[in-house]
Number of protein chains: 2
Amino acid sequence: MAGGLGLSLSLPKPARSDSQLSTDPLPSWRSGELKEAIFNFVQRVCTLGSPHYIPPVDRIATFDNDGTLWCEQPLVQAMFTLAYLRTQIDDHPDFASKPMVADLLELDPTDLSYRQTATDSLLRVALWVTGNMAQAEFREAVNRFFATEVHPHYRLAYSRLVYQPQLELLNYLQAHGFETWLCSAGDVDLMRQISWTVYGIPAQQVIGSSLEKEYRQVDSRLQIWRRPVIDLINDRDGKPVGIERAIGKPPVLACGNVRSGGDIAMLTYCHSSPYNSLQLLLNHDDADREFAYGEADNASLMVAQQQGWHVISMQKDWLEIFPK
Amino acid sequence: MAGGLGLSLSLPKPARSDSQLSTDPLPSWRSGELKEAIFNFVQRVCTLGSPHYIPPVDRIATFDNDGTLWCEQPLVQAMFTLAYLRTQIDDHPDFASKPMVADLLELDPTDLSYRQTATDSLLRVALWVTGNMAQAEFREAVNRFFATEVHPHYRLAYSRLVYQPQLELLNYLQAHGFETWLCSAGDVDLMRQISWTVYGIPAQQVIGSSLEKEYRQVDSRLQIWRRPVIDLINDRDGKPVGIERAIGKPPVLACGNVRSGGDIAMLTYCHSSPYNSLQLLLNHDDADREFAYGEADNASLMVAQQQGWHVISMQKDWLEIFPK
């Protein structure tokens, strides 16, 4: 228990009646092996004098976003791109007939079985559609989306479909001097618009897929321009590359989820840290409270077992899913 | 004076007898308009309730490295590349005859008039020479260089040729909740090996020129590989691009130097911040204590005057140059 370990530097959330100790920093996590493993890891690496001590400058924790920190059915990036396309098609009728766009427009947002969507092609379309525009204009479009659109199933703003246990984990790590980072296949510039307000993660700690940028004269002033050229697809083997580019060292804690095998490389890279490290893999096995889905080849869970990563069962390990 | 403003949260250096107040956080900076401008800016943006208050998450300060934080005569990147090449030529005799390498090998390290060297071509050679190798191997080579080589004129380790007033400024800003970043044309991976020990700047706050990276099997384990392809030249208009990529917003304080015009775009970008911002441009006008050099076209100083940036005269504004 956290209280027993004397680790709670600050309480991320008010004490809840259903938590076992009034000082439990992870009240939405069910007590058991997994929760103990998290507490033990943080104690081990944050205690001066411990053989596993990690100085704060190297306490890097990377979290995938879609399906790890918030709901990915449907993918928020796809919904944003659809919403953005609809606003653009009046001005650019040629958009609608382009093959990639036509495929995207045919997606049924109420069909939540998006797990079969090839993340890579979707991302390429999403990035392409928002190329050739000023970064400031893109940001406004993202802000409009989050301010107005709702999830087709839950009818809530997308930013509210974050996982309560993960908010607690982020707070707990931040209170122990960890730098918490997003490391997701989503467009880095989309996530940066909400990372601070939703997760307490500043824009400068967000790694994602991206377009190339240019500093150039637009509307008679110099500004950042989105070139229609893919810079990085921050998925699969691209994740260690994105982390190396932004951070220059592997994380000591990494958390991803089962869906496409997209987080295997990030967790493997974390596992290669010279420090003691912790890998967490979220399994979506809760059809009642969220969604239940896996991987055709079961790759993520198989590697998890081989390498000794901790698997989070949404159904068994989480007492709550979304914030009340 | 800092003491009078009540800003000194911590003392970066022990009080010195020649500073005017025992609590002066910038003892190596001569009292006057420029020093007051720095103190006033920090007070303005760090005081809750001030109309110019900037929340800590947006207190981003970017510093060029070569010629801004440490001596750039000769360029450390060039000296590292030369040293590395010498260790490689025995194994790869073909290296020496390649035109770009031959040019580099002919450089006379005791000729300190490197200001005419085209930074861009030098960088391209430097990056190319260290492509096609494991990142871990590159890091070892950098560590060997800093552990063994000395500056041809001062006969000191390169890492000791940092500017004492800038160390004080970095400490002062860090003590006031600023994130201090390196943003230099040098190879990001070279700077990351010394940024923490020399400047207190963690690897994840270093932006620089870079090669593309790959996560792949090397010597039977997955690791980061340096592809022989330039990813970013973080100089001139590349600096706002590098900042946008890593941080996602303009800095509120930026500091560069006069030599090649390489920092004009970074300071212009800083100036475009929606927040109150401060631009500092170091002028090397001290032939006695360091070196005196300018720009053929005087571009940096002209833009500084037009845009109201503060020019630091090494001769007049700095009481000390290097740490004692």
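1. In what order do the strands of the open sheet in chain A run? The order is β2-β5-β4-β3-β1-β6-β7-β8, an open sheet of 8 strands with mixed pairing. Strands here are DSSP E runs of at least two residues, and helices are H or I runs of at least four, both numbered from the N terminus. Two strands pair if DSSP finds at least two bridges between them. The edges of the sheet are β2 (133-134) and β8 (310-313) of chain A, each pairing on one side only.

2. Some ground rules. This is a predicted model, in which local features need pLDDT of at least 70, side-chain atom pairs count only at pLDDT 80 or more, and totals for chains, interfaces and linings use all residues. Residues are numbered from 1 along each chain as its sequence is written, while chains are lettered from A and ligands numbered from 1 in the order in which they are written.

3. Confidence. pLDDT is the predictor's confidence in each residue, from 0 to 100. Chain A averages 89, and 89% of its residues score at least 70. Treat residues 1-21 of chain A separately: their pLDDT is below 50. Beyond near neighbours in sequence, that stretch still has 38 contacts in the model. A contact is a pair of residues whose C-beta atoms, placed from the backbone, lie within 7 Å. For the complex, the predictor gives an ipTM of 0.90 and a pTM of 0.91.

4. The chain as a whole. Chain A has 14 helices and 8 strands. Of its 324 residues, 46% count as buried. Buried means 20 or more other C-beta atoms within 10 Å of the residue's own, with C-beta atoms placed from the backbone; exposed means 12 or fewer, and partly exposed lies in between. Among contacts in chain A with a separation of 6 or more, 67% come from residues 24 or more positions apart.

5. Inside the sheet. β3 (residues 179-187) of chain A is mostly covered, with 9 of its 9 residues buried. β3(A) runs parallel to β1(A), joined by 4 bridges. There, I60(A) has E179(A) as its bridge partner. β3(A) also runs parallel to β4(A), through 3 bridges. L182(A) is partnered by V206(A) in β4(A). Strand β1 (residues 60-63) of chain A runs parallel to β6 (residues 253-257) of chain A as well, again with 3 bridges. In β6(A), A254(A) is the bridge partner of T62(A).

6. Chain B. Its open sheet of 8 strands has the order β2-β5-β4-β3-β1-β6-β7-β8, with mixed pairing. β3 and β4 of chain B run parallel and share 3 bridges. D187(B) stands opposite S209(B) in β4(B).

7. The interface. The contact takes 25 residues from chain A and 25 residues from chain B. On the chain A side, β4 (206-218), β5 (221-232), α11 (238-246) and α12 (264-271) each supply at least two residues. α11(A) gives the most, with 5 residues. This side divides into 14 nonpolar, 4 polar and 7 charged residues. Nonpolar covers Ala, Val, Leu, Ile, Met, Phe, Trp, Tyr, Cys and Pro; charged covers Asp, Glu, Lys and Arg; the others, Gly among them, are polar. The copies meet through the same surface, because 100% of the interface residues of chain A are also interface residues in chain B.

Technical notes
Contact = placed C-beta atoms within 7 Å.
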